[in-house]
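Please work through the following exercises with the sequence and the model side by side, trying each task before reading its solution.

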Amino acid sequence: MQVLWLWMALCFLCPTVVHGGKVLVFPIDGSHWVNMKVIIEALHSRGHQVSVVRSSDSWYIEEKSPFYNSITLDSPSGFDESFITTFIARLLEIRREGKSFWTRCKLEIEQAEKNQEMLEKTSEFAKMLLENKDLMQSIKNTNYDLVLTDPVAPVGAILANYLKLPLVFNARWTSHGEGHFDIAPSPISYIPLTGTQLSDQMSFFKRLQNVLMFGFLQYQIRWNVAPTFEGLIKKYFGPGTDYISLFQAADLWLMRVDFVFEYPRPTMPNVVYIGGFQCKPAKPLPEHLEEFVQSSGEHGVIIMSLGTFIAELPQDLADKVAAAFAKMPQKVIWRYKGAKPATLGNNTLLVNWMPQNDLLGHPKTKLFVAHGGTSGVEEALYHGVPIIGLPLIYDQNDNINRLEVRGAGKVLDFYTMTEEIFFQGIQEVLNDPSYRMNMQRLSRLHRDAPMKPMDSALFWIEFVMRHKGAAHLRTESYRLPWYSYHSVDVMLFLAGIMLLIFMTFAALARCLCSRCVRAKIKQE
């Protein structure tokens, strides 16, 4: 009887709990999967059944897991380890040719070509998925409650629209740019585009640069990105659907952004900010790492990781980094898979993997040398550890630049970096207390929230399950033609009315003047 009363009380207090929801997940491999996996494990812990669609060449997404059932499509995604590591190595090679306009153009062309190649492979993957009738029927029969996906690839959005299921994005980026630009007003007079490394306070020429970048991105979307999926969309959705509207129809955007780090901008009701959702208090380190960290004494520890994609560096650059570290009184833990640098000091420990969050939360950690990926930046911000940034591609430059603007980090360039530049950069951030103070201030702001980011993410995912979508939060503005969205037709109509009134008054005035003239002539 007591158990019954307890159960009734829980039902009364928690009437909105969802029991046993079914979630279909289409993730992105690599570092993006690390983020998605955190949400999947949390959903599993709350009793939800999760199925993950993966390709046969997945390198991070395991086929067997206690947290989800996998649906493996026997088709390459084009986003395998070999493709990515080769791509990154080529970009680094171009960056080291020097800092010039032509080098920048070459870099942009290389990125555009590889992105186009990935989009084409993604389109083929989506086509094979939809044409697999047995698999699609099996998915339909499972009666999923929603699709959770990373919009860096459009396959999840295509799948959700095809199945007519509620769509939730775990996002910061889409396949064609920063997520807000799809759904929220985004004035480019004060919202810098990714790749410009600008802040929200721009001079005239910086705004000009921002506008030109915006035009270039719109050109890419119109002539490169959207046409890649045009045939697929026409076949399965008809002529009334376009590529961008597949994203704009999402019920919910779980945005991996925190305005402590991001610049303020307009937003929408169906955007939920979960920046730092993967961050958590540090756990005890493995015994061998704890022993190494404690041996640093009062000088503390520097940790270095260049993320999922950059596991090794050109030998000469690795030697410069190792030589600079060897001069430091601090101990160094460096995640590195390449050949052992010839200049490696006794104070530096090379590891294939490290518990990054736990090391960042250790009281002896003084500095984080990172590539500037969103997850690493958010973990450093959560634990209040200043950053030396060695950015290479995509949003990495902009992420580190945002910290540099706030005095919590410093950017160094791969193509100009020498042993001395790297050493001096580390010395500056370690010895100037303002870097750590500013990062700890940002950390306090980030943590001072009424609800943890992960709790927000889970609440809103379950909200969409309970209500079979969140259409009341989603603007329908994307269905408007551009001239209606910008009220061009209304302005033309009002201008026409004003012109008609003006012409009427002009005609009346002319008529009145003519009568006056005729009356005067008669009097004379």
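The structure is a predicted model, in which local features need pLDDT of at least 70 and side-chain atom pairs count only at pLDDT 80 or more, while totals for chains, interfaces and linings use all residues. Residues are numbered from 1 along each chain as its sequence is written, and side-chain values use heavy atoms, with hydrogens and water left out.

**Exercise 1. The domains and their interface**

Task: Find the domain bounds, and describe the interface of domain 1 and domain 2.

Solution: Begin with the bounds, which come from an automatic or database domain assignment. Domain 1 covers 22–277 + 452–479, domain 2 covers 287–447, and domain 3 covers 482–522. Next, take the C-alpha centres of domain 1 and domain 2, which lie 28 Å apart. To the contact (heavy atoms within 4.5 Å), domain 1 gives 37 residues and domain 2 gives 32 residues.

Then turn to area. The size of an interface is often given as the accessible area lost when the parts come together. Here buried area is the accessible area (1.4 Å probe) that two parts lose on being put together, summed over both. Between domain 1 and domain 2 about 3100 Å² is buried, and carbon and sulfur atoms give 56% of that area. On the side of domain 1, Arg 95, Arg 96 and Phe 261 supply 26% of the area buried against domain 2, which is more than any other three residues.

Finally, look for salt bridges, each defined as a side-chain nitrogen of Lys or Arg within 4 Å of a carboxyl oxygen of Asp or Glu. The rule finds 2 salt bridges across the interface of domain 1 and domain 2. Elsewhere in the search, Arg 172 and Asp 395 meet through their side chains at 3.4 Å, N to O, and these two residues belong to a network of salt bridges that also links Glu 262 and Arg 402.

**Exercise 2. Strand β11 and its neighbours**

Task: Is strand β11 mostly covered or uncovered, and which strands pair with strand β11?

Solution: Helices (H or I, at least four residues) and strands (E, at least two) are DSSP runs, numbered from the N terminus. Buried means under 20% relative accessible area, exposed over 50%, and partly exposed in between (1.4 Å probe, protein chains only). By this scale strand β11 (residues 331–335) is mostly covered, with 5 of its 5 residues buried. Lys 331, Ile 333 and Arg 335 point one way from β11, whereas Val 332 and Trp 334 point the other way, and all are buried.

For the pairing, two strands pair if DSSP finds at least two bridges between them. Strand β10 (residues 301–305) pairs with β11 in the parallel sense over 4 bridges, and Ile 302 has Val 332 of β11 as its bridge partner. Between β10 and β11 the chain passes through helix α11 (residues 315–326) in a right-handed β-α-β crossover, meaning that, with the strands pointing away from the viewer, the path from the first strand over the helix to the second runs clockwise. Strand β12 (residues 348–351) runs parallel to β11 and is joined to β11 by 4 bridges, with Leu 349 in β12 standing opposite Ile 333.

**Exercise 3. Salt bridges along the chain**

Solution: The search finds 17 salt bridges. One of them joins Lys 327 to Glu 420, with the closest N and O atoms 3.6 Å apart. This pair links distant parts of the chain, since Lys 327 is in the loop between α11 and β11 and Glu 420 is in helix α15 (residues 419–431), 93 residues apart. Lys 327 is partly exposed at 41% relative accessible area, as is Glu 420 at 39%.For a second case, Glu 117 and Lys 121 meet in a salt bridge (3.4 Å, N to O). Glu 117 and Lys 121 are 4 residues apart in helix α4 (residues 101–131), and are therefore separated by about one helical turn.

**Exercise 4. A single residue**

Task: Is Lys 410 buried or exposed, and which residues does Lys 410 touch?

Solution: Lys 410 lies in strand β15 (residues 409–411). With a relative accessible area of 19%, Lys 410 is buried. Not counting residues up to four places away in sequence, Lys 410 touches several residues, among them Ile 387, Ile 388, Glu 404, Glu 428 and Tyr 435.
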